[in-house]
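Here is a short tour to read alongside your sequence and model. Keep the 3D view open and follow along topic by topic.

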Amino acid sequence: MTALFGDDLMSRPRRELAPGAVHVPGWLALEQQAWIAARFREWAAGPVPLRGASVRGHEMSVKTVCLGWHWQPYKYTREATDVNGRRVLPFPDWMLRVGRLAVAEAYRRETAEYTPDTALVNYYDDAARMGMHQDRDEVSLEPVVSLSIGESCVFRFGNAEGRGRPYADLVLESGDLFVFGGPSRLSFHGVTKILPGTAPEGCGVAEGRINITLRVTGLSDAEVNASPRERT
Ligand code: SIN
Ligand code: MN
């Protein structure tokens with residue numbers, strides 16, 4: 001039986017890596033992780049399937065399905081024009097609540113006025129990686145909220161100047177929350193490896209890792225649909 005206050009949490013304290021970048025280990029309960037993992041299977045069933053986005057002609061090893069707005073290199077659209085042209089599923093209400101609780105938790109506030117409108121849901125098999133990059137296709141600079149379920153990974157969190165040092169490598173485990181906003185919002189980050197066989201019993205994922213990032217695009221349908229000439 002797993003203890004309610006497991007030793008693992010004592011050796012993995014909450015940590016602010018840089019101003020605005022906060023790691024909260026074990027934020028989601030196992031039951032919540034399993035419930036989200038079940039939703040992931042529904043999202044992956046369509047209308048837009050999981051796919052590895054094509055970046056400069058190379059298919060990403062990480063497979064993604066989006067909610068609310070569809071991300072493709074390097075823009076957001078309502079329809080997955082680089083996959084099958086279908087409109088992505090709406091951004092669920094419960095995720096808005098999870099996002100607000102996450103930001104409040106990370107920044108130790110009572111409540112947060114945070115209104116994410118897109119979720120990028122990533123699936124990593126044991127060989128998948130994500131190179132160092134910035135999340136900068138959003139017009140808004142509101143925080144990014146990241147949730148991990150399944151196998152652990154080594155997450156590299158760097159600086160806003162470039163892909164190189166200084167950076168910190170930390171292990172994100174199933175149930176962990178990571179929020180980056182404020183001065184850390186445009187910091188480069190990536191996933192250097194997945195740690196096979198580390199998914200905890202009961203998290204709803206037997207193999208691989210699910211990562212969900214919630215973001216505020218700052219986009220409106222009117223702006224996106226306007227011809228380039230009309231855009232300000
Ligand atoms: C991302 O940077 O979009 C994903 C990060 C992660 O998988 O933890
Ligand atoms: Mn990212």
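Arg108 is exposed at 66% relative accessible area, where exposed means over 50%, buried under 20% and partly exposed in between (1.4 Å probe, protein chains only). Arg108 sits in the loop between α3 and β8, and its phi is positive, about 50°, although it is not a glycine. This is a predicted model, in which local features need pLDDT of at least 70, side-chain atom pairs count only at pLDDT 80 or more, and totals for chains, interfaces and linings use all residues. Residues are numbered from 1 along each chain as its sequence is written, chains are lettered from A and ligands numbered from 1 in the order in which they are written, and side-chain values use heavy atoms, with hydrogens and water left out.

- Helix α3 covers residues 93-106; helices (H or I, at least four residues) and strands (E, at least two) are DSSP runs, numbered from the N terminus.
- The 14 residues of α3 reach 20 Å from first C-alpha to last, close to the 20 Å expected at 1.5 Å a residue, the expected span being 1.5 Å times one less than the number of residues.
- Buried residues in α3 include Trp94, Met95, Val98 and Gly99.
- Arg56 also has a positive phi, near 45°, in a residue other than glycine.
- Arg56 lies in the loop between β3 (54-55) and β4 (58-59) and is exposed, with a relative accessible area of 70%.
- The peptide bond from Pro73 to Tyr74 is cis, with omega near -5°, and Tyr74 belongs to the loop between β6 (70-72) and β7 (75-77).
- Arg165 and Pro166 are joined by a cis peptide bond with omega about 0°; Pro166 is in the loop between β11 (152-157) and β12 (168-172).

**Around ligand 1**

- The residues surrounding ligand 1 include Asn122, Tyr124, Met130, Phe155 and His189, where a residue counts as near if one of its heavy atoms lies within 4 Å.
- A polar side-chain atom of Arg209 lies 2.9 Å from an oxygen atom of ligand 1, and one of His133 lies 3.1 Å from a ligand oxygen atom.
- In the side chain of Asn211, an N or O atom is 3.3 Å from an oxygen atom of ligand 1.
- Of the 260 Å² of accessible area that ligand 1 has on its own, the protein covers 97% (Shrake-Rupley method, 1.4 Å probe).
- Two or more residues of the shell come from each of β8 (118-124), β9 (130-133), β14 (189-195) and β15 (209-215).
- Strand β15 gives the largest share of that shell, three residues.

**Buried side chains and their partners**

- Which side chain does the side chain of Arg185 contact? The partner is the side chain of Glu138, at 2.9 Å, in a polar contact (a pair of N or O atoms within 3.5 Å; within protein, one must be able to donate a hydrogen and the other to accept it, and residues adjacent in sequence count only if both atoms are side-chain atoms).
- Arg185 is in the loop between β13 (177-180) and β14 and is buried, with a relative accessible area of 2%.
- Thr213 lies in strand β15 and counts as buried at 7% relative accessibility.
- The side chain of Thr213 makes a polar contact with the side chain of Arg215 (3.1 Å).
- Val145, in strand β10 (residues 144-150), is buried at 0% relative accessible area.
- Val145 and Leu177 are 32 residues apart in sequence and 7.3 Å apart in space, C-alpha to C-alpha.
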